[in-house]
Amino acid sequence: MSEYNGCELPEDLFYDLDYVWVRPEEDGTLTIGVTDPAQTMSGRLQKARIKKIGTHLEAGRHVATLESGKWAGGVPVPFAGEVIARNEQLLEDPHLINIDPYKDAWIARIKPDDPQHALDNVKTGSEAIEALEAWIKRYGVQCMRCSE
């Protein structure tokens, strides 16, 4: 795991180089969440709305909307697909994203329409980490995790 300005950046994930991470699962689905620097910038999350299971999304559409006291925004999917699972815990306690954005606070699992090309618009490894570090520097982010 890389770290920059206190922000955790797992090298094994794929990133949209803005604020979404994607993790391929063994069953071919893709799990989506928001990055550590993104949760820091948003502030303490107070509300989450996640699309229902069975919803089909085109690339760029929002799978979820998150709200804090200072920010509200959508979580876009970088590929087309169907929502096959959503993190019900986040509907009750969206603040979990501020505590651990990469593990228990995933947002949704998507079955991509085109598995061969679903990850074409996201980056991983050193290329992603370098770009995310530049993003963190550009916005002056110093990551901090909220406590429970």
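Q: Leaving aside its neighbours within four places in sequence, with which residues is Q39 in contact?
A: In this predicted model, Q39 is in contact with I97, N98, P101, M144 and R145, once neighbours within four places in sequence are set aside. Q39 itself belongs to helix α1, residues 36-42.

Q: Does Q39 count as buried or exposed, and why?
A: Buried means under 20% relative accessible area. Q39 has a relative accessibility of 2%, and therefore counts as buried.

Q: What does the UniProt record place at residues 29-111?
A: The unreviewed UniProt entry gives the feature "domain: Lipoyl-binding" for these residues. In the model, the end C-alpha atoms of the span lie 5 Å apart, and the span is 19% helix and 42% strand.

Q: How many aromatic pairs does the structure hold?
A: There are two aromatic pairs. In the pair of W21 and Y102, the ring centres are 6.1 Å apart and the planes stand at 45°, so this pair is tilted; planes under 30 degrees apart would count as stacked, and over 60 as edge-to-face. The pair links distant parts of the chain, 81 residues apart: W21 is in strand β4 (residues 20-24), and Y102 is in the loop between α3 (96-99) and β11 (108-112). Both W21 and Y102 are buried.

Q: Which residue lies over the face of W106?
A: That residue is R109, at 4.1 Å from the ring centre.

Q: Which residues have the most contacts inside the largest nonpolar core?
A: A nonpolar core is a set of buried nonpolar residues joined through side-chain atoms. The largest one here has 27 residues, and I32, V63, V75 and I107 have the most contacts inside it. At least two residues of this core come from each of β4, β5 (30-34), β6 (45-50), β8 (62-68) and β11. Beyond four places in sequence, I32 touches residues including W21, V63, V75, W106 and I107. Another core, of 15 residues, lies apart from the largest one; among its members are Y15, A128, I136 and V141.

Q: How many bridges join β8 to β9?
A: Five bridges join these two strands, which run antiparallel. One of the pairings sets A64 against V75, its bridge partner in β9. The two strands form a hairpin, with three residues between them.

Q: Why is strand β9 described as largely enclosed by the rest of the structure?
A: The description holds because four of the five residues of β9 (residues 72-76) are buried.

How values were computed. Residues numbered from 1 in each chain as written. Predicted model: local features only at pLDDT ≥ 70, side-chain atom pairs only at ≥ 80, totals over all residues. Heavy atoms only, no water. UniProt positions renumbered as here; feature names shortened; annotations may be inferred. Buried < 20%, exposed > 50% of the residue type's maximum accessible area, 1.4 Å probe, protein only. Contact = heavy atoms within 4.5 Å. Phe/Tyr/Trp six-rings, centres within 6.5 Å; stacked < 30°, edge-to-face > 60°. Lys NZ or Arg CZ within 6 Å of the ring centre and 35° of its normal. Core = buried A, V, L, I, M, F, W, Y, C linked by side-chain atoms within 4.5 Å. Pairing = 2+ DSSP bridges.
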